[in-house]
Amino acid sequence: MMTGNSVETHNLTVIYNKKPAIWNIDFTLPAGKIIGVMGPNGSGKSTLLKAIMGIIEPNIGYAKIFDKDLDDVRERVSYVPQRQSVDWDFPASVWDVVAMGRYARKGMLKRLSAEDKSIIEESLEKVNMTAFAQRQISQLSGGQQQRVFLARALAQQADIYFMDEPFVGVDAATEEAIINLLKSMRDQGKTLIVVHHDLHTAQDYFEWMVLLNTRLVRVGPVEDVFNQETLTETYGGTLTTLSKVASLLQEKSFPMRHK
Amino acid sequence: MTFIREIISFFTFSEPNVKVVFLGSLILCAISGLVGTFTFLRKRSLIGDVISHAVLPGIALAFIIGHQKNVLYLIIGATITGWISTYLVEYITRHSKIKSDTAIALILSVFFGIGVLLLTHIQHTGAGSQSGLDQFIFGRASAMNQSDIVLFGSVGIVILVLTLIFFRGFSILSFDEGYANAIGFPIAWLKLILSIITVITVAMGVQAVGVVLMSALLITPAAAARFWTNKIHILAILAVLFASISGIIGSAVSYTYNGMPTGPWIVVIVSLLAFLSAIIGSKTGILKSWNLRRRNNVKILKENTIKLFYALNSEQPDNSGFQFSEIAENARMENTTLRSGLKLLRKEGWLIGNDRQGYQTTEEGKREARAIVRKHRLWELYISKYMHLQPDHVHDDAEGIEHVITPEIERELEEQLDFPKLDPHNSEIPY
Amino acid sequence: MNDIWIIITASLVAANAAILGSFLIMRRMAMVGDAISHAVLPGIVIAYFLTNSRASFPMLMGAAASGMIVTTFIQFFNKKVKLQNDASIGISYTFLFAVGIILISFFGSNVDLDQECVLYGEIAYVPIDTLFIGELNIGPRQFWILLTTLIIIVSAVIMAYRKLVLTTFDEAFASAIGINVVFWQYYLMAGVSLTTVVSFESVGAVLVIAFIAGPPATAYLLTHSFKRMIYLSILIGIVCSIIGYYTAVWLNGSIAGAISSVIGLVFAIVFAVDLFKRRQVSRQVTQTSN
Ligand SMILES: Nc1ncnc2c1ncn2[C@@H]1O[C@H](COP(=O)(O)OP(=O)(O)OP(=O)(O)O)[C@@H](O)[C@H]1O
Ligand SMILES: [Mg+2]
């Protein structure tokens, strides 16, 4: 069982066009749990994941993973991007995409070993895509594409997984299969940080939760933070003053901080 | 000296041909600037590039069929192949997985290749060796003659009239095609008319700037104009103006220097206009944003300086005047910065005094100091309440935000927090 | 012998362009190739004028300098003054290209570069300009330059193949596993600049784009494997070069022009067949479902 902290952020802030997309995010998340990240559209969920993983450089603040700098733990970090973020017409097969998960450890020149290949096959097996291994990725349904991305992440054999809306466009049966997969990963001590939209299932899926609306609204165990009041705060209109200020920053090109 | 004389001779029309060159370039560039406004606004710069390269085979074919350089034929030929090229780009992207930039690059270069093949074929077979067709590649305004001008003029007027009639439609189409469709604009027709106008404009414009640089004549004037205005009709007028200026200067240079192609000069001049506009343009230019930043910095400096006095005054309420060293002690800024801050405040009337006698706040200064501290503390309270931040995390945030809070937002904060007395550090919020 | 040299030269350009073009079109950056190929002109002309030779190294330096200038301009318009992207690119490269043409006209007779050659090259003269080792004629200079370039490009791509594919397909994932996406983008752009500069003399600025976009787009329709797409586009490029050369001889016209016409034709055929086949399939599907 994994203990200690998985992710820790300090004043994490990302600004696009002078407007903060996430703003002074400060939290510590435990390891070995399934953690939901929720908030309305455009509230900065994807941006938060990307900033933690260093895909975008935060303007202010920093994040640590397993109490270390990101560069020291790269190998242990995996990412499942939003499905729409790639061109599925790219000429590649399911196998090719899942094999990309091994690149992180293999370096860039070494051939894939028999072990790598069996890991890839195992990953395909786990998401139930073995039959599609040689299928062109352009000929997959949305749910199958999602599963390919999951298999690629599995093939990485990481310790912490960041998943951006893995349940979008997926039917109920697949969703259940995926969440069971995530739970079994959690039982092996992995940490899963999952962006999610469906309020009905959130309580069943997650043990911890991050509620986000540009600023951090709440973070903590689900039973503490998931209630009517916090949801209204996150999704309701009480934060309009905040967004007005954010827009003013942009309009007047004011620096958020200065010396 | 001959150069000056040539320039003078150009602008005084002392040779009859000069008037033709002048008028021709003016008409072509002005029309391109006008039509290009919509190309630019619809973000179709690359399509403009395709059309302008794709007119080349049309020109060559017109020559092969007509056996001589007849401008009307050339324009018709150019319009046809230019039109086909845009159609093909759309067709390829719609009916295959090939993305639009690839389709554009492919069609552009293949059509140009076909044009080059045909042109060289004509030149090598003798018939066309004096055709002057190569002028279409970079443009040679001086090759125009009187009857060309009549043709350009009449087509130009038709285009102008059409543009004016459909101006509103084109504008809505450019800003928001989906919306135009939703409110029942006949966008299919509008698009058709606009693209016909564009193709014809390009077909004519290549006589002045040539096929390679024609796309610049469509987009650069409008881009330059964009820095000055947000209003679409002013944008169009400015684009026409910029294009015309470059057209005149470009053709003057080409006329003066024998062998200088017109197109590159027109493009260089209109690009320089765009650079200049970007730097000094009033709406989105650099100058404006520098100004804004400077004003912001002044505001921040003023407010940070007067804030120092809030703390000083509350420690020593008799307001007897503070020495520079005393003020500097608590200031988290350089001494020189602080000095200029003090100077600003004195000018503003928030402070009186100097280094020798010490500084004192005026009534207005006290009010301002309270205001900024109030905003700071309200904001701290707001974010600690709604974002559940620890009190020791909110200060830095408020340091930045206090300067942007408008009176309206301040009132909103007060109401939402129900006119609080204390901030998260239990300091009093001054009203 | 001359026609063989010309065909070999064209094939080398085709191979270089096909490899890089396959990456470019999958990254939706075909037009960036177009911009680079135009924008390098002033640098080439100045290098040519200063050294008074067609030595490749100064030309490369010149091209690199103009490449940097055009990137700066695009950044300036796009980022600093917030002009839309397509216009930023359009303005910047047409400006530099125009400056290049003006420079050629200025230096005029001093330089034996002419305006047309800039656009469609002088591949017909390639066999005349040969290299010697002592007394021994070892073949056209262009051939050696392009061969060297091909070796460089091929080894660079093989070495970085996985990174290039990964950053092309999924930038976010690539950077999550610690690949420097921006670096590999520039790596690729450096390859494109190199290829355009060395291909300039033989096929010119516009037609190198036909090689970059055409064969890869055709191959893209024919295969579902990226590796095969690269091999196939090299093959298509070479076949087009051969057919194009003889077309040019037959029509007594520009060789580069003829090759790009053939590239267009081959694409059109493949496109039509592909479309026909897909229609066929969907018709069968509707028939069986009825
Ligand atoms: N590359 C970008 N450039 C400019 N603004 C951006 C960029 N990416 C995101 N934004 C803005 O930042 C904000 C947060 O975006 P983000 O994608 O993180 O939201 P999200 O919570 O993931 O939304 P969704 O639920 O729709 O996926 C949005 O307002 C968005 O418009
Ligand atoms: Mg998102």
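Helices here are DSSP runs of H or I with at least four residues, numbered from the N terminus, and the views below are taken from a predicted model.

**View 1. The loop of chain C that holds C:Arg28.** C:Arg28 lies in the loop between α1 (2–26) and α2 (30–39) of chain C, and its phi is near 55°, a positive value in a residue other than glycine. With a relative accessible area of 45%, C:Arg28 is partly exposed, because that class covers the range between the buried limit of 20% and the exposed limit of 50%.

**View 2. The loop of chain C that holds C:Asn252.** In the loop between α11 (226–251) and α12 (255–289) of chain C sits C:Asn252, a residue other than glycine whose phi is positive, near 55°. C:Asn252 is partly exposed, its relative accessible area being 37%.

**View 3. The interface of chain A and chain C.** Here 31 residues of chain A are in contact with 25 residues of chain C, and the two chains bury about 2,400 Å² between them, with 67% of that area on carbon and sulfur atoms.

**View 4. Salt bridges and polar contacts between chain A and chain C.** Two salt bridges are counted between these chains; one of them pairs C:Asp170 with A:Arg152, whose closest N and O atoms are 2.7 Å apart. Four residue pairs, both members at pLDDT 80 or more, are in polar contact across the interface. On the side of chain A that touches chain C, the elements giving two or more residues are α3 (94–106) and α5 (142–155) of chain A, and α3(A) gives the most, with six residues. By class, that side of chain A has 17 nonpolar, seven polar and seven charged residues.

Technical notes. Residues are numbered from 1 along each chain as its sequence is written. Chains are lettered from A and ligands numbered from 1 in the order in which they are written. This is a predicted model: local features need pLDDT of at least 70, side-chain atom pairs count only at pLDDT 80 or more; totals for chains, interfaces and linings use all residues. Side-chain values use heavy atoms; hydrogens and water are left out. Contact means heavy atoms within 4.5 Å. Buried area is the accessible area (1.4 Å probe) that two parts lose on being put together, summed over both. A salt bridge is a side-chain nitrogen of Lys or Arg within 4 Å of a carboxyl oxygen of Asp or Glu. A polar contact is a pair of N or O atoms within 3.5 Å; within protein, one must be able to donate a hydrogen and the other to accept it, and residues adjacent in sequence count only if both atoms are side-chain atoms. Ala, Val, Leu, Ile, Met, Phe, Trp, Tyr, Cys and Pro count as nonpolar, Asp, Glu, Lys and Arg as charged, and the others, Gly among them, as polar. Buried means under 20% relative accessible area, exposed over 50%, partly exposed in between (1.4 Å probe, protein chains only).
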